Amino acid sequence: MNDSATATELTLPAPAKLNRMLQIVGRRADGYHELQTLFQFLDHGDTLQLCLRDDGEIRLTPALPGVPDSDNLIVRAARLLQAESGCRLGADIHLTKRLPMGGGLGGGSSDAATALLGLDRLWRLDFSLERLAELGLRLGADVPVFVRGQAAWAEGVGERLTPVALDTPWFVVVHPGIEVATAAVFGAAQLTRDTAPITMARALQGGAPSWSNDCEPTVRSLYPQVAEALDWLGCRAPAMLTGTGACVFARLDSQTKARHIMAELPSHYTAFMARGLNLSPLHAALGR
Ligand SMILES: C[C@](O)(CO)[C@H](O)COP(=O)(O)OP(=O)(O)OC[C@H]1O[C@@H](n2ccc(N)nc2=O)[C@H](O)[C@@H]1O
Ligand SMILES: Nc1ncnc2c1ncn2[C@@H]1O[C@H](COP(=O)(O)OP(=O)(O)OP(=O)(O)O)[C@@H](O)[C@H]1O
């Protein structure tokens, strides 16, 4: 019943994102870092199934290992939307988790955005994307881009977004099997925070493989497993870190080349191949 305005059940994607480049240009008084980054979505991610409840309860299954439900960004997004709207409806939410946690793919943030947009539809709130993005920013710096649903040049902490159309190649994304804590990377003394800001036009001219990520040297030294994955993938194609890691990715000219790399994958890594998308599949599913 996804396409009906009277749906009582919705099954919706929560796509991954890549940071195709990322530079740190400053640090705010509250400790958050000022970034310049290019976000793009992938046709790979989590899935949320939302079923309407009329008793106001928010029930999530299954629980994520190590994450109490009250901390889960899906439950927090649902409760925030209830509080903001005064809505007395609730939902049963089933999460199919495919994205690694602490992977730099924005899995939790994307789940939160899908919950916000899906529940807005299920509860017939009709909030604007602008209002939902503002709510999303309270949950995490990466949530607004998933709410807006367009590949974007981002500034500030990631909330000042300008839509862009990037090339949409195949990517191989390798997970080195560890979780990186975003706060630990941003808190590291050695992280450089003074890259000179550039214009969006200049960033777009840069293009792969010259795009880079300022977090990479710090993550390499704090997490040797990520350094090893960057070196392994980098021997096969120009490789980069996404966000603060742990995942690394390479852009390939063809699906065949991506398949060749997948076939060589050592057993201690997991990986997937996916296509870059400039429009989020969430927005395509909701017709927004
Ligand atoms: C690195 C990126 O993934 C790039 O897309 C994001 O900027 C991270 O976004 P996120 O995971 O949604 O991050 P949040 O949950 O908002 O923040 C986690 C922690 O990372 C640090 N943090 C995050 C984002 C930012 N621009 N500056 C920061 O210093 C803060 O210590 C914060 O407590
Ligand atoms: N629905 C959720 N899915 C994943 N993690 C969640 C969720 N809700 C809360 N979390 C918490 O958020 C942390 C970061 O998870 P997430 O998968 O978003 O990392 P990430 O991909 O590195 O994010 P980002 O790229 O935004 O930094 C997890 O370690 C977990 O404690």
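Is Ser-109 buried or exposed? Ser-109 is buried, because 25 other C-beta atoms lie within 10 Å. Here "buried" stands for 20 or more other C-beta atoms within 10 Å of a residue's own, "exposed" for 12 or fewer and "partly exposed" for anything in between, with C-beta atoms placed from the backbone.

## About the model

This is a predicted model, in which local features need pLDDT of at least 70 and side-chain atom pairs count only at pLDDT 80 or more, while totals for chains, interfaces and linings use all residues. Residues are numbered from 1 along each chain as its sequence is written, with chains lettered from A and ligands numbered from 1 in the order in which they are written.

## The annotated binding site

An unreviewed UniProt entry places a "binding site" at a set of residues including Met-101, Gly-107 and Ser-109. UniProt annotations may be inferred rather than shown by experiment.

Met-101 sits in the loop between β4 (90–96) and α2 (107–122). Such helices (H or I, at least four residues) and strands (E, at least two) are DSSP runs, numbered from the N terminus. Met-101 is partly exposed because 15 other C-beta atoms lie within 10 Å. Leaving aside residues up to four places away in sequence, Met-101 touches Gly-107 and Glu-179; contact requires C-beta atoms, placed from the backbone, within 7 Å.

## Helix α2 and Ser-109

Ser-109 belongs to helix α2. Beyond four places away in sequence, Ser-109 touches Leu-73, Gly-140, Asp-142, Val-143 and Phe-146.

Following α2 comes Arg-124, whose phi is positive, near 55°.

Notes: Contact = placed C-beta atoms within 7 Å.
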